[in-house]
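Hi,

Here is the structure I said I would pass on.

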Amino acid sequence: MNYVYGVLSVQVTASGSKISRVTIGTINDGGNYRSQSIDQMAIPQLEQQALSVQSANIQGVSGASYTSAGFRQSLQSALSKLGL
Amino acid sequence: MGTVVTIDIFGENYHDPLQIARSVDAAEGILREADEVFSTWKPQSPLSRLRRGELTIGEVPTVIADVLDECRIAKRVSRGWFDPWSIPGGVDPTGLVKGWAAQRALDPLRELDLTGVLINAAGDIASFGGPGHGEPFRIGVVCPGDLKRLACVVESPGAVASSGTYERGNHLVNPFTGASISTVSATVTGPELGLADALATALAVAGRVGLEFFSSLKNYEGLVIETTDNVYASEGFPMAETFLSGRPS
């Protein structure tokens with residue numbers, strides 16, 4: 001529930017037939033491109049998760065609040081990587 | 001500790017990337033401003049100062065009074081199971097404010113000619129439209145026993161909020177007894193994420209008896225997953241698909 005937990009990072013993905021599937025914004029958090037650093041954490045395990053979320057044909061994942069660390073392991077992160 | 005908000009934009013027509021970037025910046029500004037005003041982690045935030053009694057409600061930004069009004073509604077609708085006034089250390093609207101902020105952050109994106117936008121604020125989702133014209137967003141709900149799996153898929157009416165003790169540890173408290181509650185996952189759907197967020201918190205605390213909230217509340221629905229075999233939902237819950245062994249009852 002609590003996003004009011006200090007550092008907030010925002011990831012943006014655009015998709016559609018004419019909008020290219022690119023991340024169009026990363027947030028500069030005190031000099032650290034936090035969103036970008038999350039992107040770079042390409043954990044092989046996520047690919048497995050990505051397959052499972054892809055087959056479910058979903059656009060988002062809802063679950064109890066995660067932290068930045070939790071996000072990297074989350075199904076939403078796997079989905080974001082797919083750029084669906 | 002921090003968290004991540006993802007914004008997903010769906011469109012069928014060409015868009016000027018700069019125009020999208022401007023609207024996204026505005027959405028992000030709304031999220032950041034809410035964090036500045038409502039953070040209970042920042043000792044100098046207006047809410048923190050209000051809680052310590054350093055400022056009165058008349059001296060803090062008016063959005064705090066707006067959010068507390070919404071909290072009062074959520075407390076009433078949830079029959080007291082959502083109660084920001086029961087938290088030690090002063091009123092804490094955190095259970096509603098993240099959803100409230102994500103809901104507001106959609107507004108600047110409505111000006112673009114998009115089929116839909118999803119803002120996922122650490123597991124609670126505000127949206128309008130869908131992935132294509134006339135298609136609703138399909139949202140997966142994480143399985144409380146195994147965060148790498150989906151429990152089910154819902155068709156979003158706009159807001160989908162989930163709450164449970166499984167991700168951040170046991171942070172939910174029964175407002176009537178002060179006791180921590182056992183693991184249960186709750187999901188609430190509805191038109192507005194602020195109320196849905198608060199009701200998901202309340203439902204996770206109340207468990208299946210909390211499904212009574214929805215009998216008199218139009219357009220909001222709830223789901224409680226106690227175990228993969230014990231699943232309970234309000235009558236109109238927009239379940240699209242379930243991967244659980246138990247059927248909602």
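Let me begin with chain A. If you take its contacts between residues at least 6 apart in sequence, 58% join residues at least 24 apart. Bear in mind throughout that this is a predicted model.

Chain A has four helices and four strands, and from the N terminus on they run β-β-β-α-α-β-α-α. Of its 84 residues, 51% count as buried. The accessible surface of chain A comes to about 3,500 Å², with 49% of that belonging to carbon and sulfur atoms.

On to chain B, which has six helices and 10 strands. Its radius of gyration is 18 Å, close to the 18 Å from the globule rule for 249 residues, so chain B is as compact as a globular protein of that length. Along the principal axes, its C-alpha trace spans about 50 × 45 × 35 Å. Buried residues make up 58% of the 249 in this chain. For contacts in chain B between residues at least 6 apart in sequence, 53% join residues at least 24 apart. Chain B exposes about 10,000 Å², and carbon and sulfur atoms supply 50% of it. As for charge, it carries 20 positive and 31 negative charges, whose mean positions are 5 Å apart.

Helix H1 covers residues 17-38, and at 1.5 Å a residue its 22 residues should span 32 Å; the end C-alpha atoms are 31 Å apart, which agrees. Buried residues in H1(B) include Ile20(B), Ser23(B), Val24(B), Ala27(B), Glu28(B) and Leu31(B). Further along H1(B), Ala34(B), Asp35(B), Val37(B) and Phe38(B) are also among the buried ones. When you look at that list, remember that an α-helix has 3.6 residues a turn, so residues three or four places apart point the same way.

Helix H6 of chain B (residues 193-206) has 14 residues and reaches 19 Å from its first C-alpha to its last, close to the 20 Å expected. How many residues of H6(B) are buried? It turns out to be 14 of the 14, so H6(B) is largely enclosed by the rest of the structure. Just after H6(B) comes Gly207(B), with a positive phi of about 75°.

Positive phi also turns up in two residues of chain B that are not glycines. One is Ala122(B), where phi is near 55°; this residue is found in the loop between strand S2 (116-121) and strand S3 (124-129). The other is Asn219(B), with a phi of about 75°, in the loop between H6 and strand S8 (221-225). Are they buried or exposed? Ala122(B) has 0% relative accessibility and so counts as buried, whereas Asn219(B), at 53%, counts as exposed.

Last, have a look at Val154(B) in strand S5 (residues 146-155) of chain B. Val154(B) is buried, with a relative accessible area of 0%. What does Val154(B) touch, leaving out residues up to four places away in sequence? Its contacts are Phe137(B), Arg138(B), Ile139(B), Val141(B), Val160(B), Thr189(B), Phe237(B), Pro238(B) and Ala240(B). Val188(B) is 34 residues from Val154(B) along the chain, and their C-alpha atoms are separated by 10 Å.

Cheers

Terms used:
Residues are numbered from 1 along each chain as its sequence is written. Chains are lettered from A and ligands numbered from 1 in the order in which they are written. This is a predicted model: local features need pLDDT of at least 70, side-chain atom pairs count only at pLDDT 80 or more; totals for chains, interfaces and linings use all residues. Side-chain values use heavy atoms; hydrogens and water are left out. The radius of gyration is taken over C-alpha atoms; the globule rule is 2.2 Å times the number of residues to the power 0.38. Buried means under 20% relative accessible area, exposed over 50%, partly exposed in between (1.4 Å probe, protein chains only). Contact means heavy atoms within 4.5 Å. Accessible areas come from the Shrake-Rupley method with a 1.4 Å probe; for residues, only the protein chains shown count as cover. Lys and Arg count as positive and Asp and Glu as negative; His and the chain ends are not counted. The place of a charge is taken as NZ of Lys, CZ of Arg, CG of Asp or CD of Glu. The expected span of a helix is 1.5 Å times one less than its number of residues.
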